[in-house]
There are 2 protein chains.
Amino acid sequence: MSKREQSVRSSVNTVHVFPPISPTDPQVALAARAHIDRLTKPLGSLGRLEHLATHLCSIAGTVPAPIPDRAAVVIFAGDHGVTAEAVTPWPSEVTAQMIANFSSGGAAISVLTRRFNIKLVVVDVGVAGDISTMPGVVHRKVKAGTANLLHEPAMTLDEARAATQVGFDIATELVADGVQLLGTGEMGIGNTTASAAIIASLLGVPAARAVGRGTGITDEMYAHKVSVVGAAVAALGSQATDPWHVLSHVGGLEIAALVGFIIGGASCNVPVVIDGVITLSAALLADRMVENLRPYLIAGHRSTEPSATLALDDLDLDPVHELEMRLGEGSGAATAIPIIQAAAALMAEMATFDSAGVTDKTEI
Amino acid sequence: MSKREQSVRSSVNTVHVFPPISPTDPQVALAARAHIDRLTKPLGSLGRLEHLATHLCSIAGTVPAPIPDRAAVVIFAGDHGVTAEAVTPWPSEVTAQMIANFSSGGAAISVLTRRFNIKLVVVDVGVAGDISTMPGVVHRKVKAGTANLLHEPAMTLDEARAATQVGFDIATELVADGVQLLGTGEMGIGNTTASAAIIASLLGVPAARAVGRGTGITDEMYAHKVSVVGAAVAALGSQATDPWHVLSHVGGLEIAALVGFIIGGASCNVPVVIDGVITLSAALLADRMVENLRPYLIAGHRSTEPSATLALDDLDLDPVHELEMRLGEGSGAATAIPIIQAAAALMAEMATFDSAGVTDKTEI
């Protein structure tokens, strides 16, 4: 770690102290590989399913890893003051309307979690409207939407910390209830602007490389969104790589909660499936806040948003799917979960050459 | 269609006449797209899941398509005389041993089909050994393995035709039993040599481009395999693009059955999920034998075998997964099936903007 990174990390620890995350044991990965190579199939022929199975063993610390059939996707929802800048064609009310749609089962993530037997949890951590009577929602609102990040910090440091704690608590509560695999989701009109600002600052790339078309915008709106993100990142000045500063100034309440959720899952030794750009921006922030996080992350898919690939590369993640999705909600994480579970099942349930009485290939 | 293609197709029809395959109706695809664009998500944001859902509608002829929850993967098994040429480090006995492993539930395809609630059917159409008392196997052996394709035709035309009929019958029987989605699988030591010869002949590419490492071979064995495939293709002479000639001379009994199975599924208006190179070689042959086949094919994954990409490109198929698998058995098809079913479920079960009371984006 460079001195600069050390100094950022120590400033971080004065903001909020998370429980430590255990490093994974490289011996477990070696034992997992050795086990996979005795299964009745040519060496390496299950491709990335073998990597996933090994990865799950490293996290679980056992060979084979338990099949993580109890999975949950958590959607953290929050609104964004930056919608005042016309960075999206969707009005902020859609955040609350979509939460109702999640609960009533009509959203993409509702269909996917139902189909794949994944628990779906929707958390209001920062929705602008009052949805406190809406059923099927975990109510942990920290603030009714962020401030406009173009003109002022999106949140105070205290608000960011409180939202992070919400996410951390949700992760640890789910794990205490027996959940073995956590998926990340989000809903928040305007949050691709916040995540582009986070990714551009942390990775030091120009706004134009980090900003995508979001959920459907014109060329004019795109150019405007690039200038908003560029100005917000520029205003961070020398603190553009301090994760707490970035989170509070250009982040979102749901992004803060995701940061805590990801750290919470990892601190319980549970794999966390990352979705698209918003959850990737949270993973980047989390990675800058704590040690030993990366081995707990699994990328569900490669969103078509350009900053997704920037973040995946930085985190050294190879996504399960390349389905050209860009919906968010946790849809990419949910779609990957049955494949991740299948990888674990293959390792746990396949016969070995010896047990099945299959002749191994001739040594040549 | 060129005159040469017409002449090949008419010679084909004198060999074996299949029932016609209905063309799909482009109006259904348009109606499917229009329906998808009313669902509560930004336009196009489910990426290739939207293409899959549209594709299923085209095949079913209805919008939305029924969710094809009753799926089956069929493994056709056969042995190959060309194993005498030392093109693989695996002895032929492994074909029968692996069939026992499929039946007892220890193979990769056993684990995947169990997990994804897919019916697994194993058919002996050409295994060298006598496995007629093995339980859990459909016994329709046409011949106990092919002849050595390097020195003589692998099969007679009559044998090829009989094996094709086995596959066709299995497909139509499954559909009659209510199966809505068919997946292709195979087992046959030596069959990557046969499929490389088929792909090289039909696509007119050099053997070195079509031959892969199969299930794990040395450089020396690889060079030898290329020369065997090259010699077999050269011997086809001017008939290298006649599908029945190619099938009988350099194919396999399981490949012939797969040809019939694929055509059988399509003729029942059921989507057929293609697996790796062996099943792709069968799809290429089927495509040369009948009209209107392609719209019924879905590629499960992109095998790392080089000829897989050649065949996918020729058939204009965009695979669901890119998981670097190369196992066969139907493992790539089985892994894609839950994703294909989810695509149909999204279309059938998601709310529309109107039904969910979600504000659509501002027209801009």
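**Note on a predicted two-chain model**

1. Glu349(A) forms a salt bridge with Arg114(B), and the closest N and O atoms of the two are 2.9 Å apart. Because Arg114(B) sits in helix H5 of chain B and Glu349(A) in helix H14 of chain A, this pair joins two chains. Arg114(B) also counts as partly exposed, at 46% relative accessibility.

2. How many salt bridges are there over all chains? The count comes to 30. One pair that crosses between chains runs from Asp69(A), in the loop between H3 and strand S1 (71-78) of chain A, to Arg115(B), in helix H5 (residues 108-115) of chain B. Their side chains meet at 2.9 Å, N to O. Asp69(A) is partly exposed, with a relative accessible area of 34%, and Arg115(B) is partly exposed at 26%.

3. Now to the interface as a whole. Chain A brings 60 residues to the contact and chain B brings 60 residues. About 4900 Å² is buried between the two chains, with carbon and sulfur atoms giving 65% of that area. On the side of chain A, the residues that lose the most area to chain B are Trp90(A), Arg115(A) and Leu323(A), together 12% of what that side buries.

4. As for specific interactions, four salt bridges are found across the interface of chain A and chain B, along with 18 residue pairs in polar contact, both residues at pLDDT 80 or more. The elements giving two or more residues to the side of chain A that touches chain B include helix H3 (48-60), helix H4 (93-104) and helix H14 (331-349). Which element gives the most to that side? H14(A) does, with eight residues. Sorted by class, the side of chain A that touches chain B has 31 nonpolar, 17 polar and twelve charged residues.

5. Within chain B, Arg302(B) forms a salt bridge with Glu322(B), the closest N and O atoms being 3.0 Å apart. Arg302(B) lies in the loop between S6 and H13 and Glu322(B) in the loop between H13 and helix H14 (331-349) of chain B, so the pair ties together parts that are 20 residues apart in sequence. Both are partly exposed: Arg302(B) has a relative accessible area of 23% and Glu322(B) one of 30%. In chain A, salt bridges that share partners join Arg33(A), Asp37(A), Lys41(A) and Glu50(A) into one network.

6. Glu305(B) may be worth a look on your screen. This residue lies in the loop between strand S6 (297-299) and helix H13 (306-315) of chain B. Is Glu305(B) buried or exposed? Glu305(B) is buried, with a relative accessible area of 7%. Glu305(B) and Leu293(B) are twelve residues apart in sequence, and their C-alpha atoms are 24 Å apart in space.

7. Last, the cysteines. The model has zero disulfides over all chains. In chain B, Cys268(B) is in no disulfide, the nearest cysteine sulfur being that of Cys57(B), 19 Å away. Cys57(A) is buried, with a relative accessible area of 0%, whereas Cys268(B) is partly exposed at 25%.

Technical notes. Residues numbered from 1 in each chain as written. Chains lettered and ligands numbered in written order. Predicted model: local features only at pLDDT ≥ 70, side-chain atom pairs only at ≥ 80, totals over all residues. Heavy atoms only, no water. Disulfide = S-S within 2.5 Å. Buried < 20%, exposed > 50% of the residue type's maximum accessible area, 1.4 Å probe, protein only. Contact = heavy atoms within 4.5 Å. Buried area = accessible area lost by both parts, 1.4 Å probe. Polar contact = N/O pair within 3.5 Å; in protein donor to acceptor, adjacent residues only side chain to side chain. Helix = DSSP H or I, 4+ residues; strand = E, 2+ residues; numbered from the N terminus. Nonpolar A, V, L, I, M, F, W, Y, C, P; charged D, E, K, R; others polar.
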